[in-house]
Amino acid sequence: MKKQKRPIGKFLMGLTLLFFYLPIVFMIVFSFNDSKSLTHFSGFSTMWYTKMFQSRDMMESLYTTIIIAVLATAISTFVGTITAIGLSKSRRLVRRLVLQLNDFPIMNPEIVTAIGLMLLFITLRIERGFVTMLLAHIAFCIPYVILSVMPRLRALDPNLADAAMDLGATPWQSLFMVLVPQLMPGIVSGALIAFTMSFDDFIISYFVTGGGVKNLSIMVYTMSKRVNPSINAMSTLVVVLITLVLVAINLEPLLRARREKKK
Amino acid sequence: MKKFSQLAIPYIVWAALMILLPLLLIILYAFTKPGNEFIQFSLTLEHFAKFFTDPDFLLVLWRSLVIAFKTTLICGVLGYPVAYFIARSNDRVRNILILAITLPMWINMLVRTYAWIGLLSDGGILQKLLGLLGFGEPKLLYTEGAVLLGMVYNFIPFMILQINTSLCKLDHSLLEASADLGADRFQTFWRVVFPLSLPGVVSGITLVFLPAVSSFFIPKLLGGGQYFLIGNVIENQFITVGEWNFGSAISLIMVMVMMLSMYAVRRLDRSGGREEDRL
């Protein structure tokens with residue numbers, strides 16, 4: 001395209017980025033405020049971080065969030081990957097039906113998925129709490145893993161597994177030593193989506209939890225009525241954590257490329 | 001190797017139990033009387049009758065549709081020029097800008113919405129800024145405007161990214177052809193670029209309108225609980241009141257209304273497509 005100065009476009013773009021980042025920066029700044037005010041910055045302090053680490057409620061919700069995200073990611077990545085491989089070898093009708101079903105949690109409004117799962121747990125008389133939250137997270141994470149592994153599978157030679165077995169590999173060896181390494185980029189991006197979806201989830205967790213089990217989002221939601229700058233501190237911690245994960249994921253291929261260049 | 005196809009069996013069972021059954025349960029609950037057992041139940045339409053005969057519920061549904069429509073309109077009008085700017089930047093700048101827009105999306109929606117409370121609250125930065133600009137010092141938090149702002153903030157990235165994708169796919173030779181045939185820049189935009197970007201606009205509308213209709217934590221956090229949308233009614237029925245049957249019926253009505261709106265939008269895209277054929 002032609003090089004133009006486009007002052008209006010630049011101005012608009014700047015405003016948009018300001019709009020996107022202003023609340024986040026504001027929140028980080030006020031997490032270091034030394035008073036309870038959300039409008040007036042009176043001085044630097046880390047008291048809200050101390051308060052946050054002392055609050056059992058907040059720390060428990062942080063652990064719950066992390067443990068559920070790690071478990072849900074591990075399980076859904078494993079199940080999603082073998083399912084995708086299985087579907088690629090299934091009959092076309094089966095594959096299309098399962099992928100159709102798989103699309104529901106992605107396409108449906110989240111609140112519909114949430115109340116559906118809540119009704120399921122009520123009907124089956126499963127007490128709502130940590131386990132139901134984990135099950136629900138696995139349920140909405142697997143579809144994303146399958147969706148990100150499927151395209152990589154389609155790009156593979158369909159005879160790859162057979163070739164490995166002709167050369168003497170057992171089915172498990174051909175699965176985990178031949179197919180899975182080839183699918184790695186899709187699996188990693190699926191796992192990343194699963195992790196952030198689980199880590200950030202509010203609506204589904206809110207409906208399927210019980211017995212005082214809370215993740216971070218539920219805690220922010222229930223605490224938001226009162227002014228509590230510890231929420232800013234916790235949110236800042238979340239922003240830092242997610243940014244670190246994203247930076248690590250983005251840097252990893254760069255570092256690997258550099259290492260390979262050195263060899 | 002046919003054996004590998006068996007790897008999908010666990011998930012087929014899982015999906016039937018965790019995806020299909022819940023949806024069937026919503027339908028079942030919506031059409032049955034409360035207090036029924038799973039095996040033994042009596043069908044009824046009373047929940048739907050209750051919803052459609054109560055002006056309060058109808059008003060909430062209408063209000064949800066109106067605010068979702070406003071959100072979509074604002075996202076489209078503001079998002080399109082931004083997407084256009086990004087699409088016309090060079091590769092390096094475009095990648096950076098797309099990263100800058102995607103980055104906040106990774107951060108918890110609730111946290112990002114919560115962050116607005118401080119900015120909008122009485123005596124906050126935005127109110128003072130408006131005061132300096134001579135708008136007085138209007139109440140910002142817990143108003144309809146705050147809810148609208150929260151929705152635009154949360155959903156506009158989807159609109160920008162969708163439109164940007166369809167603009168980037170555009171064949172540049174079409175623009176040259178249009179210029180060669182004597183069109184000026186505005187004609188080229190309105191008669192070539194815009195119609196060809198409509199698929200992106202339509203999927204952007206879908207990704208903004210649907211979550212906006214059903215959202216319930218944005219009105220709760222920024223509307224202060226006085227501002228009820230259909231999502232809040234559903235939340236209330238399930239969490240506070242415990243009338244799951246009525247709640248299921250409301251969510252079915254909501255899904256139906258969403259599907260009808262989306263059908264209308266797709267029609268719009270198709271008629272746009274036909275116009276393009278005529279050109």
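**Close-up views of a two-chain helical model**

**Figure 1. Overall make-up of chain B.** In chain B, 71% of the contacts with a separation of 6 or more are made by residues 24 or more positions apart. The model shown here, as in every view below, is predicted. The secondary structure of chain B consists of 12 helices and 0 strands, and the order of its elements from the N terminus is α-α-α-α-α-α-α-α-α-α-α-α. The C-alpha trace of chain B extends over about 70 × 70 × 40 Å along its principal axes. Of the 279 residues in chain B, 40% are buried.

**Figure 2. The contact between chain A and chain B.** Chain A contributes 61 residues to this contact, and chain B contributes 61 residues. On the side of chain B that touches chain A, at least two residues come from each of α1 (9–30), α3 (55–87), α4 (91–102), α5 (109–120), α9 (185–214), α10 (217–223), α11 (230–241) and α12 (244–278) of chain B. The element that gives the most to this side is α1(B), with 13 residues. Sorted by class, the side of chain B that touches chain A comprises 45 nonpolar, 12 polar and 4 charged residues.

**Figure 3. Packing of α1(A) against α5(B) across the contact.** Two packed helices are described by the angle between their axes and the distance between the axes. For helix α1 of chain A (residues 7–30) and α5(B), the axes come within 8 Å and cross at roughly 70°. Angles of 65 to 115 degrees count as roughly perpendicular, and α1(A) and α5(B) are therefore roughly perpendicular to each other. The residues of α1(A) that take part are A:Pro23, A:Ile24, A:Phe26, A:Met27 and A:Phe30. They meet B:Arg112, B:Ala115, B:Trp116, B:Gly118 and B:Leu119 of α5(B). The contact of α1(A) with α5(B) holds 8 nonpolar, 1 polar and 1 charged residues.

**Figure 4. Crossing of α3(B) and α7(B) within chain B.** The axis of α3(B) and that of helix α7 of chain B (residues 144–168) come within 7 Å of each other, crossing at roughly 45°. This angle makes α3(B) oblique to α7(B). The crossing of the two helices, α3(B) and α7(B), is right-handed. Where α3(B) contacts α7(B), the residues divide into 21 nonpolar, 4 polar and 1 charged.

Figure 5. B:Ser197 is located in helix α9 of chain B. The residue B:Ser197 counts as buried, because 25 C-beta neighbours lie inside 10 Å and the cut-off for burial is 20 or more. Leaving aside residues up to four places away in sequence, B:Ser197 touches B:Ile163, B:Ser166 and B:Leu167. B:Ser261 is 64 residues from B:Ser197 in sequence, and the two are 20 Å apart in space, C-alpha to C-alpha.

**Figure 6. The exposed residue A:Pro151 in α6(A).** A:Pro151 is part of helix α6 of chain A, which covers residues 130–155. With 11 other C-beta atoms within 10 Å, A:Pro151 is exposed, since a residue with 12 or fewer falls in that class. A:Pro151 and A:Leu167 are separated by 16 residues in sequence and by 26 Å in space, C-alpha to C-alpha.

Notes: Residues are numbered from 1 along each chain as its sequence is written. Chains are lettered from A and ligands numbered from 1 in the order in which they are written. This is a predicted model: local features need pLDDT of at least 70, side-chain atom pairs count only at pLDDT 80 or more; totals for chains, interfaces and linings use all residues. Two residues are in contact if their C-beta atoms, placed from the backbone, lie within 7 Å. Helices (H or I, at least four residues) and strands (E, at least two) are DSSP runs, numbered from the N terminus. Ala, Val, Leu, Ile, Met, Phe, Trp, Tyr, Cys and Pro count as nonpolar, Asp, Glu, Lys and Arg as charged, and the others, Gly among them, as polar. Axes are lines fitted to C-alpha atoms, for helices over the stretch in contact, and angles run from 0 to 180 degrees between N-to-C directions. Angles under 35 degrees count as roughly parallel, over 145 as roughly antiparallel, 65 to 115 as roughly perpendicular and the rest as oblique. A crossing is left-handed if the near helix is turned anticlockwise from the far one by less than a right angle, and right-handed if clockwise.
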